[in-house]
Each structure stands twice: as structure tokens, then as C-alpha cells.
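I opened this entry to record what I looked up, step by step.

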Protein chains: 2
Amino acid sequence: MARWEPNARARLVVAALDLFTEQGYDSTTVSQIADRAGLTKTTFFRHFPDKREVLFAGQDIHRQILADAIAAAPGLATPLEAVTAGLDALTASFTQAQREFGPRLVAVIAANRELEERATFKRASLAAAMTNGLRKRGVPDPAASLAAELGARAFYGAFTRWVEPASQQTFAELARQELDELRTAAATLG
Amino acid sequence: MARWEPNARARLVVAALDLFTEQGYDSTTVSQIADRAGLTKTTFFRHFPDKREVLFAGQDIHRQILADAIAAAPGLATPLEAVTAGLDALTASFTQAQREFGPRLVAVIAANRELEERATFKRASLAAAMTNGLRKRGVPDPAASLAAELGARAFYGAFTRWVEPASQQTFAELARQELDELRTAAATLG
């Protein structure tokens, strides 16, 4: 019975983001999202556990990309070089469509405390994936979680800059710049 | 009509923590918490917006303590010295009762995803308070938010150690040690 719907997942994300932007997150139901996407509620729940998770769909994939790339970095790479490899891989996985949705995604999350909490949790989850990857490379704590934290900051800082319409640089370039700025700043803390 | 109930707030926190530990967070109602504390639901809602917030009651006070102490640190203090002043003040505000509740609080939060998300958000909120305090001292970004992040890590790392029954050191001593370890680790990231 489970008919395959082409791009159902992506269509649901777009429909949700449109509706959250137009009428607010709290006023939007799963039925409305499914309708707008031209799909059924059943299809919605095949892809997402609830309406909140629509906006955080990539979390598990993002964790995996980070962990794999950090594990695959050269053996002699420093912790931050391994994190850079992770960020290169993660940023490369982002599409132009994601860039275009970026400003609306940021605005919707900032307007709702529940979404903001969830976004903070996703951020911590990505940092945890990087921490685990670094530990497997033999980086001790707290250096592993600290390098991962810098990686998470670089990623989100770069995302904010990348989605600006006037931005000319690639997501990966921006992430490397952010990480360099953080490395420099870390030396000034006293 | 609003009768003053001695220590109502503290009694509600203890009752909630007891019930969450005994029967789980999801199975516990506000009525049960109020009953256990010998108070009414009305009194509960005078102190907390919902049952979740009982466990995060100190957030605003903690933010204020951090911000005030960071602002009051000597003008020549480095960012991490100002953070140390904040941690000294914050850790000094904790009571022996809070230390004794610590292990149960940690266990209850770890057992529930909703509480874990809320705890992550509180952590980010304390870091934001430190970041604001440092910016007011003229510390530029991203150094301000990075120093604040080290402060938040030191605080939570120290809390985990402090609430261990065998722990002999003060909360403030542990926080300073944690911050020193983080400072040292920051120099090894490459």
C-alpha cells in the first residue's frame, strides 16, 4: 500500500517551512503541511515523528558525515585539522535549495522557543558526533569536546554567513574561516 | 488570598525531584507534586509555569550572578579571569542541599529527552549571560563567547564532580581546576 512519493521528504520540508513562515509554527498542523505538499498525513508520519522534526530532518545524516570524515582524516592531523575535514564533508553535503531556505529556517526557529530548544539540542548532537570521532582518533578529553565545540561554532557561524544572499564564498570556505577565527580567539583568552 | 507558604518553592522542588525519581517524570502530575509538598496547585503555579520548570528554577538568578560578577571583575582581568570571577560567585551561591540533590537531578534529567533538551538550553542561557558580561567589558567576539563556553563547561564539569559523595573539594575549587584544564587543552588543538 505504501506508494512511493517522489521527493516526498523534501516536499514536506518545503511545505512546512512555507506554512510556518506564513501563519506561524504553533498554528500549523501536520494535516496542513501534508495538504500543502500534496501528500497524506500517513506519508508525513512515514518520514517524520511530528511537525517539529521536519525542520531537523538532516540530524542523523549530518552526524554520520562528520564522524566518517573525522575518522578518515590523516593520522597525523591535529584535532582542528580533523574537525576541518569533518566540516569540509558536511558543508559539501548542503544544496543550493538548503541555502535558499536558510534565512526562513533561521527566522522560524528564532520565533519559537520550542524550536530554539530543539535547535540547541541538534547543535549539541553534532558537537557530540565530532567529539566521538576525535576520541576514536585518540584525542583526550577535554581537548576532544573543545575541538568539537569549535567545529560546531564554525559550522553555524558559516551557515549564517553562507545563507546571506550577497555571500560570494562557498560554505566550506566560510567554515574554514570561522574555525581559523576561533583558533586565533582561543589564544587571547588569558 | 495568597497565603505565604514558608519555603514553598524549595518544598516543591524537593517533592518534584522525589516523585520524578520514584515514578518517572512523565507519570508525575503537578497535583501530585503539590500534594507531596503539602501545598496546593495554585501555590505551585505561583512559583513555576509548569512541572518541567521546577528543575530549572535557578536559571534567571544564575544568569544574574554570572553577569554581575563578570562586570565587577578588575578592569585588567583577562577574559578567563573575569569568567573565573563569575564562577566563584555562582558556585558560592549553591547550598549543601543542592549538592545532595545533585545526583538525583542529574539522573532524572538524563532519563528524559525533554528534560535533557531543557538542560541543554539552560546551559546555553548561562553561557549567553557570560558572553554578554564579557562583551560589556570590551572583549570582542568570538573570544567573548568562547571564554563563556569554557566557563559553562567548567561549571557543569565541576558540578558533576562536586555532587559525588566522596568529593572533598569546594565547588569553586573544582570550577577553577576545570577551567584550567580547558585552558590547557585549548592550547593543544593545533
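I count a helix as a DSSP run of H or I with at least four residues, and a strand as a run of E with at least two. The model is predicted.

**Fold.** I read chain A along the sequence and got α-α-α-α-α-α-α-α-α. The tally for chain A is 9 helices and 0 strands.

**Dimensions.** I put a box around the C-alpha atoms of chain A along the principal axes; the box is roughly 55 × 35 × 30 Å. Next I checked the radius of gyration. For 190 residues a compact globule would come out near 16 Å, and chain A has 18 Å, which agrees.

**Packing.** I took contacts in chain A between residues at least 6 apart in sequence; 64% of these join residues at least 24 apart. I then looked up burial, with the cut-off at under 20% relative accessible area. In chain A, 47% of the 190 residues count as buried.

**Surface and charge.** Chain A exposes about 9,100 Å². Carbon and sulfur atoms supply 56% of that area. I counted 22 positive and 22 negative side chains in chain A. The centres of the two sets lie 4 Å apart.

**Symmetry.** How is chain B superposed on chain A? I found a rotation of 180° with 0.0 Å of shift along its axis, at RMSD 0.0 Å. That is the relation of a two-fold axis.

**Interface.** I compared the interface residues of both copies. Of those in chain B, 100% are also interface residues in chain A, so the copies meet through the same surface.

How values were computed:
Residues numbered from 1 in each chain as written. Chains lettered and ligands numbered in written order. Predicted model: local features only at pLDDT ≥ 70, side-chain atom pairs only at ≥ 80, totals over all residues. Heavy atoms only, no water. Least-squares fit on C-alpha atoms with pLDDT ≥ 70 in both. Contact = heavy atoms within 4.5 Å. Rg over C-alpha atoms; globule rule 2.2 N^0.38 Å. Buried < 20%, exposed > 50% of the residue type's maximum accessible area, 1.4 Å probe, protein only. Areas by Shrake-Rupley, 256 points an atom, 1.4 Å probe, with all protein chains shown as cover. Lys, Arg positive; Asp, Glu negative; His and termini not counted. Charge placed at Lys NZ, Arg CZ, Asp CG, Glu CD.
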